[in-house]
Amino acid sequence: MDPNEISKWTTSFQHFQISYYMDASSLAILCFDYLLTLSLEVEYVWKARCNYINVLYIIMRYLPFLSMISIIFVDTPGRTPGTCLTISFVYSFSVVFGICVSEAILTLRIWAIYSRSRTMGVILLVFFLGTSITLLVNIGIFLGTVKYIRVPLPNAPTCFVAAGSRRLIINWILLAVYDAFQCALLAYQAYKAFKFGGRSELLGAIYTNGIIYYVNLMALSITSVILILNLPPEFLRLTSGPTHVIHASLTARVVLHVRHLAAKRALTISGDSVVYPVRNDLPFMR
């Protein structure tokens, strides 16, 4: 093989390895975060009454394990291009579906904060369905543009991305816009709550931490857009794994932290306590 060709393939293989290390790191972070929150999950999810929030939580929490393990299989030698595409199909739709479930939980949280207003419920439902359907359709179109080839190097991975549309940025832009929309709704309610003297730890978890989480999620989506537009095709999935894991981890912490603080507040509340605009009868709080 020509030395220039060897150099070209070696560089591409190094790029591929970076994506692999990012996926492996994401799986490690997922396992570590899961162990950190397991005791809270057992207490506030597994022992709690079954409701739609708990069902969504379980799907959101455990789906990343499937997606991250499947993509690690893609990176092992000995796969045919057809097998690579099948595994990538499972991985990509698992990531998108998992993110949609995370966003569903966060959207229901916004609806709860707005006291389950019918008008707000319709608005959130339209935005959520529009965003989720577009994400799923676009990832299907994107997968139709992905091409895998064999790398002519010893012990090289067989699932090597040779080409792929950059239309994947549509998903990240949509997620950034949707998270910005929810962040604005949350910030408005935070302003109203703090204006009327709300300063409890529970309100801090609901509003302040929530806004910080949304800002982090928007930053991840914007970073993904920048990287996709400026890096070679082998980096297309670079941020998919980390974003999926962080979405799941932050959403899990939102649910568990709020339930933990609500349980503490229920134990310490007294007859003359201030009543804050948070409904403890909602499934999100139980």
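The axes of helix 3 (81-113) and helix 4 (118-143) come within 10 Å and cross at roughly 170 degrees. That makes helix 3 roughly antiparallel to helix 4, a term for angles over 145 degrees, while angles under 35 count as roughly parallel, 65 to 115 as roughly perpendicular and the rest as oblique. The model is predicted: local features need pLDDT of at least 70 and side-chain atom pairs count only at pLDDT 80 or more, while totals for chains, interfaces and linings use all residues. Residues are numbered from 1 along each chain as its sequence is written, and side-chain values use heavy atoms, leaving out hydrogens and water.

**Helix packing**

- Helices are DSSP runs (H or I, at least four residues; strands are E, at least two), numbered from the N terminus.
- Axes are lines fitted to C-alpha atoms, for helices over the stretch in contact, and angles run from 0 to 180 degrees between N-to-C directions.
- By class, the contact of helix 3 with helix 4 has 16 nonpolar, six polar and one charged residues. Here Ala, Val, Leu, Ile, Met, Phe, Trp, Tyr, Cys and Pro count as nonpolar, Asp, Glu, Lys and Arg as charged, and the others, Gly among them, as polar.
- The axes of helix 4 and helix 5 (residues 169-195) come within 9 Å, crossing at roughly 165 degrees, so helix 4 is roughly antiparallel to helix 5.
- Residues making this contact (heavy atoms within 4.5 Å) include Phe127, Phe128 and Leu135 of helix 4 and Leu174, Tyr178 and Phe181 of helix 5.
- The contact of helix 4 with helix 5 divides into 13 nonpolar, four polar and no charged residues.

**Nonpolar cores**

- A nonpolar core is a set of buried Ala, Val, Leu, Ile, Met, Phe, Trp, Tyr and Cys residues joined through side-chain atoms within 4.5 Å.
- The largest nonpolar core has 29 residues, of which Leu30, Met68, Phe142, Tyr148, Leu168, Trp172 and Ile228 touch the most other members.
- Helix 1 (3-46), helix 2, helix 3, helix 4, helix 5 and helix 6 (201-230) each give two or more residues to this core.
- Helix 3 gives the most to this core, with six residues.
- Apart from this core lies another, of 21 residues, among them Leu106, Ile110, Ala193 and Tyr214.

- Met68 is found in helix 2 (residues 52-74) and is buried, with a relative accessible area of 0%. Buried means under 20% relative accessible area, exposed over 50% and partly exposed in between (1.4 Å probe, protein chains only).
- Beyond its neighbours within four places in sequence, Met68 is in contact with Asp23, Ser26, Leu27, Leu30, Tyr91, Gly241 and Val245.
- Met68 and Ser94 are 26 residues apart in sequence, and their C-alpha atoms are 9.2 Å apart in space.
- Ser240 is in helix 7 (residues 240-268) and is buried at a relative accessible area of 8%.
- Not counting residues up to four places away in sequence, Ser240 touches Tyr91, Val95 and Trp172.

**The loop between helix 3 and helix 4**

- Most residues other than glycine have a negative phi.
- Ser115, in the loop between helix 3 and helix 4, has a positive phi near 60 degrees. Ser115 counts as partly exposed, at 44% relative accessibility.
- Arg116 lies in the loop between helix 3 and helix 4 and has a positive phi of about 55 degrees although it is not a glycine. Arg116 is partly exposed, with a relative accessible area of 36%.
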